[in-house]
Amino acid sequence: MTTASTPSSSTDARTKADPLDLIDVDHVRFFVGNAKQSAMFYAYAFGFQIAQLSDLTTGSRQQASYLLTQGNIRILLTTGLHADHPAQREVARYGDGVKDIAVTVDDATAAYEQAIRNGAESAYEPCEQSDPNGTVVSAGIKTYGRVVHSFVSRTGDYDLKRIKDGGLFAPGFARVEGLAINEQNRRDPCGLLYVDHCVGNVEEGKMNHWVKWYEDVLGFKMFKHFDDADISTEYSALMSKVMASGNHLIKMPINEPAEGKKKSQILEYLEWHDMTPGVQHLAFRTDDELASVTALRQRGVDFLAIPDTYYDEVWQRVEKLGWTVREDHERVKQLGVLVDADDEGYLLQLFTKPLQDRPTLFFEIICRRGSQSFGKGNFKALFEALELEQDRRGNL
Ligand code: FE2
């Protein structure tokens with residue numbers, strides 16, 4: 001396994017002029033029903049370190065939060081401790097899921113004010129947490145559905161570079177010491193490096209609205225788009241456009257359901273998410289797909305199963321585009337990993353089944369060998385697999 005790397009490493013040379021220059025994905029916050037138990041699930045199943053916490057034992061009386069880390073991925077699991085806490089209310093409506101895709105910036109207040117001038121709606125005003133060791137300023141804007149983008153700026157010991165070296169995440173957090181699973185995960189890592197992309201599902205007819213929102217508010221550009229001719233099976237279809245930040249730090253595909261004979265997987269998501277847009281999947285980058293998927297499968301992660309016939313033509317499909325898959329073909333097949341290619345190279349990817357009882361959030365494990373695409377050539381095989389699962393859930 002290699003050490004964590006991130007596309008943000010080239011941002012040191014960026015100009016300071018634009019308050020919306022993004023430095024990194026600061027963290028992804030999930031609202032969950034029981035952060036303590038969720039932390040254990042993500043640690044055991046996906047190899048995350050349960051690095052830090054903030055709860056009653058550290059003086060937090062309204063909510064409990066666990067910081068999970070792996071490579072340059074930071075997931076913050078938050079549970080409200082009272083019935084009227086926003087996290088508790090949202091969990092009642094949506095189940096566990098992503099609330100906030102937070103980005104690090106130089107000056108959170110300036111970024112927030114610029115975003116508001118660009119047409120964003122406020123989620124919450126700038127707020128500062130500080131102690132003698134440093135400061136964390138956060139401010140949030142609303143994006144699609146229940147999702148927020150927080151801007152986070154950090155000084156002193158709370159600087160992101162220090163957090164990457166094990167520093168405390170924010171005032172009020174404490175390190176989790178002596179947990180056996182953390183030791184086990186250090187010995188036996190899963191190799192997940194950073195958030196490659198983060199996909200949102202929105203209502204039919206709303207994709208272009210949110211594409212324009214990312215352009216207008218955050219200065220993102222369209223990176224790729226797929227229509228229902230690309231992404232359809234006999235029964236269900238969707239449309240998708242991929243938005244990317246200026247430095248390609250983060251890519252945010254946005255899906256909407258398209259008309260099909262049966263229910264689109266996007267509509268299934270919305271129906272189990274109180275008809276409210278939200279994050280469908282987070283894709284984590286690995287440099288070694290086979291090692292990561294092997295480790296995850298050994299831990300019991302449940303992945304979507306693709307029929308064996310998929311491998312009858314996949315190698316030729318990739319070779320036709322001029323690439324040879326250098327991973328062992330037999331192992332790729334045994335592990336059920338998907339392969340796709342474009343004119344820049346190929347990629348390996350695999351999708352988990354939903355991570356909670358509702359068919360909402362899932363993870364993707366992706367390894368890029370030059371390709372900057374999203375596995376368009378796999379959509380058909382994948383959606384047929386998804387439809388089998390939808391059918392098993394009685395939702396097709
Ligand atoms: Fe994806």
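**View 1. Trp315 sits in helix H9, residues 310–320.** Helices here are DSSP runs of H or I of at least four residues, strands are runs of E of at least two, and both are numbered from the N terminus. This is a predicted model: local features need pLDDT of at least 70, side-chain atom pairs count only at pLDDT 80 or more, and totals for chains, interfaces and linings use all residues. Residues are numbered from 1 along each chain as its sequence is written, and side-chain values use heavy atoms, without hydrogens and water. Trp315 has 15% relative accessibility, so it counts as buried. Buried means under 20% relative accessible area, exposed over 50%, and partly exposed in between (1.4 Å probe, protein chains only). Leaving aside neighbours within four places in sequence, Trp315 is in contact with Val325, His329, Val332 and Val339. Contact means heavy atoms within 4.5 Å.

**View 2. Helix H9 has a buried side and a face turned away from it.** Its buried residues are Tyr310, Tyr311, Val314, Trp315 and Val318. Seen down the axis of H9, they fall within an arc of 115 degrees, so they line one face of the helix. The arc is taken from the directions from the helix axis to the C-beta atoms. Among the elements covering these residues are helix H10 (329–335) and strand S15 (338–342). The face turned away carries exposed Asp312, Glu313 and Lys320. Gly322 follows H9, with a positive phi near 95 degrees.

**View 3. The largest nonpolar core has 98 residues.** A nonpolar core is a set of buried Ala, Val, Leu, Ile, Met, Phe, Trp, Tyr and Cys residues joined through side-chain atoms within 4.5 Å. Phe30, Leu77, Phe151 and Val339 touch the most other members. Helix H6 (residues 207–218) gives the largest share, 7 residues. Domain 1 (9–187) and domain 2 (192–393) both give residues to this core, so it lies between them. The domain bounds come from an automatic or database domain assignment.

**View 4. Three protein residues hold donors of the iron ion: His197 (NE2), His281 (NE2) and Glu364 (OE).** His197 lies in strand S10 (residues 194–201) and His281 in strand S14 (residues 278–285), so the pair ties together parts that are 84 residues apart in sequence. Donors are N, O and S atoms within 2.8 Å of the metal (3.2 Å for Na, K and Ca); water is not among the atoms, so sites may look incomplete. His197 counts as buried at 2% relative accessibility, and His281 at 7%.
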